[in-house]
Amino acid sequence: MSSITVRDLSLRDIKLGPQLAALREAYFRAVPEICTERPLLITKFSREAGLFGRDRISVLDKGRLYRKILENRFPVIEHTKAHQRTPSGLEEFVFDGSSPFAGSTTSKFKGVPLYPEFMALSLWPELWTMTRRGSNPYYISDEEVRTLNQDVFPYWLKDNIVELARARGDNADRNRIQLLQKFVLFLASKPNCISHTIPDFSRAVNEGLRAVIDDAHGRKTQAATEAQKEFYQAISEVMEGIIAYARRIADAGAAMAESAADPIKKAQLTEIARIYRRVPEYPAESFREGLTTIWVCWTAIHLENANVGLSLGRLDQVLYNLYARDVQAKRLTVDQAVELLGYLWLKIGDHVPMIPSAGEQLFGGSGSNQAITIGGVDAEGRDAVNDLTYVMLRAIELMMLRDPNLNARFHPEVHDDAYLRRLCEANLNTRATPALHNDRAVIEALTASGHTLAQARDYGVIGCVEPGSNGRFYGHSGALLVNLPSALELALFNGRHRHFGMEKLISLETGDPATFSTFEQFRESLKGQMLWLLEQAIALNELLGRIHQCFYPTPILSALFEGPMESGKDLIAGGATLNASGIAIIGLADVADSLNAIETLAFGSGQFTLAQFLDALRKNYEGYDWLLDRIQDPQQTPRFGNDSPQSDGNALWVAKTLHEAVKDKRNYRGGNYRVGYWTMTNHAGFGRLIGATPNGRKAGENFSSGLTPNSGVTPSLTAALQSIAKLPAPFVDNGMAVNLKFTPDDGDAETTLSRFVAYVKGYFDARQDQPSGGMEIQFNVTSHQDFIEAVKDPSQYDKLLVRVSGYTAYFKDLNPRMQKEIIDRTEYCLSTGRAVLYEPFPLPQGGDDGHNA
Amino acid sequence: MATTLKKFALRTFSRVFPEGTRNSLHRRLCKPLAEQFCGKVTDEFLEVLLRGMEASFCLLKGYRENIEGFSGTYVFRTDDGRVGCSAVFSDGSMDVDPKPRAPYEVRVSFKDAPALWRFLLAENQDILDSILANDVDVDGNLNYIYKFGFLARDLQHRLGVA
């Protein structure tokens, strides 16, 4: 059977069935609800097992704990109730929740899972008020407020990762925790989770969890150390727990079938019961069983790992054989496959990350960033695109959900135009997905940072845009988010930072820039501050990593991963085949353009001193309009994104400096550190905390997103893409997000599509200064006017999907600053490749104190 | 600040009198706090808040349940050092000390009374937001502040001014 048998790659004839469409509508109406099931169970069983106040929690302790929780979770067959926003508040509504997939990540239709051992206590102050949040409210009942306040949160006041780190660290560590809690220099995500990885589902699907248990038993008898024996026992415990959970679902489904009057419903429930008795315990024998295995394992993984950046990987590869076998045997039609995936996508989106009210300003609107990867090449470098690739693409297109976050791989030397054309068409149809990744550049980056060629070819996308080998790379790609303009700030003010107050020395004194006589001196000063900033962030990541090793082993994820079973070591102890820690840099374009401005105006022309520049920054450019005009004109001051060696040289210097600073560092799991350029919504959040910068950005304004050039200063699309593509792939081994905005309707649809494809191909093409081509690109294809209308009347645009910087989000859920940032992004006309100019959009109503939704 | 004797009297009162009478006294004692909760913030906000909490723990069993089994020392001070005090919780009771104590679980330095009010109570702003705005500096275990934030808002809820 050939990999591609579908005649129409777009599968245009396949539409949403009425039942799935209705469930999707219910999904959009439902507000997230706080789920107390996990926090209550983990608190209860941790108390019973005496796990509070311990010096260490072993992997076996965790294994037994998670097994108990799995055995005691309520087996949800289908949800029929949720809450929706009404003028008088959040009110319950009912719906038909029939789905081929039972079980759920939380006890709610759209739940907010809480992890009290990590960050859940930050919700404590707003338990009574979260239902009234202006944007992204969470429903919680009075009884659930009492449960969290009395039966859960008090037990975790000190048994919580940051406090454990504070207690175990030295004074320097405690200072770093203080810096972290100021939010302005860097964010570390280990207080919330590690997650950010792709499990290996192939074994669970093809062999079943019983085989994993048998394997663990066998290895335990051969194990050389007690620690290994404990590990293998822990694997057995959690696998038994997952099987028990599936059996309870089967029993509940059978009981519901027994009492169902409607014969169709009875048959549906009986089928659920049959399937859940088989899988995930035994090998999947059909496409639906394969999907069910993945779904049940996925819910279990979330029990153990917070829902941030956990990604599903290359599902079109893992499931293709089951799909093809069913289609060939005429047990499954393409329509049915699309529908099954539609139901699964809704299930995957059945939870949202917990974000406290003001966290909305940093992460607002973000889903769990559950990336799925399609297409690409296989481990031998051959074309891996298959029918299921197109089936998944169609299911994404029809559902248009924030999660899962679809990422498509394209290899310029392997794939044909028809495939790329279909990917671009999906972007036009959905306005924002999938993100496109250039296999040639990604594989080069991964092999340069330690993957073998075969491992690199088998990469999947994690979270937003980060690449890593599928099912074998424990890379915590979002370990650190570094606010690069803070390093610039420290260089400009000799180790001081305006956010902390100028009297306080924060970092190193690298010299008063007003005394510098050359641009090189300034760059050296900036380099010193960048290295200091990375040093602080990495040292804290190491401390938190060691705390994870002592208290948060991950037996469920370890069982579904390449490496831990072979080594007898949990993932957190370094058991994965590949390890790393990832750093995301925020503000590269702003720092590069600031260097361009300083180099040109303070050291190049001789008309202006750096002391005067500092004065302009202190005054937020008040009285310096003439300087602003000069900085913002790319004809007078070079700007990153105009394909000139001078303007792009500083960006390259920054990226090289950062890469070289971390590439030889080893983390607590034995992996390396990697640098990437994706910002989620942090370019808005961090921007709010930083004063005026030399690139003409005023205090509090947004930074540029991802690796995208600053808005409004790159008139030519081709030049912008060429500048970005100049960054060598190995400098960007933790991924990058290039956010482009296209004018959507430019006349004839076919011509528009052809131009779209041409730009992507041009960006991915090899060139002399970057033989691999550009690495990643993602789009917003919504008109300026539509965005403005969406701000005015969010209810009319409640499903408007946008690419933020990596992940997809619903525009209405974004905070006002992010909405403004997206509206102000440079918009290119596809027919001319030139920027369309608009006046900067005013900050939407609600500003910093609320939301307009 | 309420003295030990006052607290004893309030606890005795709460045991002897029916719920309606208790609630009536509670509302009267907490009237200045209710006004501050409604946004009429004065320089005395911290003192009024702590006094209101102290009285509420004595009078309201449900509110007192929030601190059963809970121990912790909070230090509050203004950036300029003009205002400073401690709130000490110990298994169901709360004491206010007009001096900063050490050691503490958490120390909160705030710019002024409105900044502290926003930090603890503003609808669209919470603890993280105040830190972002640099209005408040927290040294120590943030979870204790999260709990204190809940205690303040729970009282607001009970006074019907949330």
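Biologist: What do the buried residues of H10(A) pack against?

Modeller: In this predicted model, they pack against helix H9 (226-259) and helix H11 (287-304) of chain A. The buried residues of H10(A) are A:Lys265, A:Leu269, A:Ile272, A:Ala273, A:Ile275 and A:Tyr276. Each is called buried because its relative accessible area is under 20%.

Biologist: How do you know that the span of helix H1 (residues 18-29) of chain A agrees with its number of residues?

Modeller: H1(A) has 12 residues, which should span 16 Å at 1.5 Å a residue. Its end C-alpha atoms are 16 Å apart, so the span agrees with the expectation.

Biologist: Which residues of H1(A) are buried, and what covers them?

Modeller: A:Leu20, A:Leu23, A:Arg24, A:Ala26, A:Tyr27 and A:Phe28 are buried. Their cover includes strand E3 (89-94), helix H14 (334-348), helix H16 (387-399) and strand E18 (808-810) of chain A.

Biologist: Why is A:Pro816 called buried?

Modeller: The relative accessibility of A:Pro816 is 2%. Buried means under 20%, so A:Pro816 counts as buried. This proline is found in helix H32 (residues 816-824) of chain A. A:Pro816 and A:Pro844 are 28 residues apart in sequence, while their C-alpha atoms are 5.3 Å apart in space.

Biologist: What makes the phi of A:Phe183 worth a remark?

Modeller: Phi of A:Phe183 is positive, at about 70°, although the residue is not a glycine. A:Phe183 lies in the loop between helix H6 (171-182) and strand E5 (186-188) of chain A.

Biologist: Where is A:Met680 found, and what is its phi?

Modeller: A:Met680 is found in the loop between strand E14 (672-676) and helix H28 (682-689) of chain A. Its phi is near 50°, a positive value in a residue other than glycine. With a relative accessible area of 12%, which is under 20%, A:Met680 is therefore buried.

Biologist: How do you know that the radius of gyration of chain A agrees with that of a compact globule?

Modeller: A compact globule of 853 residues would have a radius of gyration near 29 Å, and chain A has 26 Å, which agrees. The C-alpha atoms of chain A fill a box of roughly 85 × 65 × 60 Å along the principal axes. Chain A holds 32 helices and 20 strands, and 68% of its 853 residues count as buried. Among contacts between residues at least 6 apart in sequence, 77% join residues at least 24 apart.

Biologist: How many helices and strands are in chain B, and what makes this chain as compact as a globular protein of its length?

Modeller: Chain B has eight helices and five strands. The radius of gyration of chain B is 15 Å, and the globule rule gives 15 Å for 162 residues, so chain B is as compact as a globular protein of that length. From the N terminus on, its elements run α-α-α-α-α-β-β-β-β-α-α-β-α. The C-alpha atoms of chain B fill a box of roughly 45 × 30 × 25 Å along the principal axes, and buried residues make up 53% of its 162 residues.

Biologist: How far apart are the mean positions of the positive and negative charges of chain B?

Modeller: The mean positions of its 22 positive and 22 negative charges are 7 Å apart. In chain A, with 90 positive and 102 negative charges, the mean positions are 3 Å apart.

Notes
Residues are numbered from 1 along each chain as its sequence is written. Chains are lettered from A and ligands numbered from 1 in the order in which they are written. This is a predicted model: local features need pLDDT of at least 70, side-chain atom pairs count only at pLDDT 80 or more; totals for chains, interfaces and linings use all residues. Side-chain values use heavy atoms; hydrogens and water are left out. Helices (H or I, at least four residues) and strands (E, at least two) are DSSP runs, numbered from the N terminus. The radius of gyration is taken over C-alpha atoms; the globule rule is 2.2 Å times the number of residues to the power 0.38. Buried means under 20% relative accessible area, exposed over 50%, partly exposed in between (1.4 Å probe, protein chains only). Contact means heavy atoms within 4.5 Å. Lys and Arg count as positive and Asp and Glu as negative; His and the chain ends are not counted. The place of a charge is taken as NZ of Lys, CZ of Arg, CG of Asp or CD of Glu. The expected span of a helix is 1.5 Å times one less than its number of residues.
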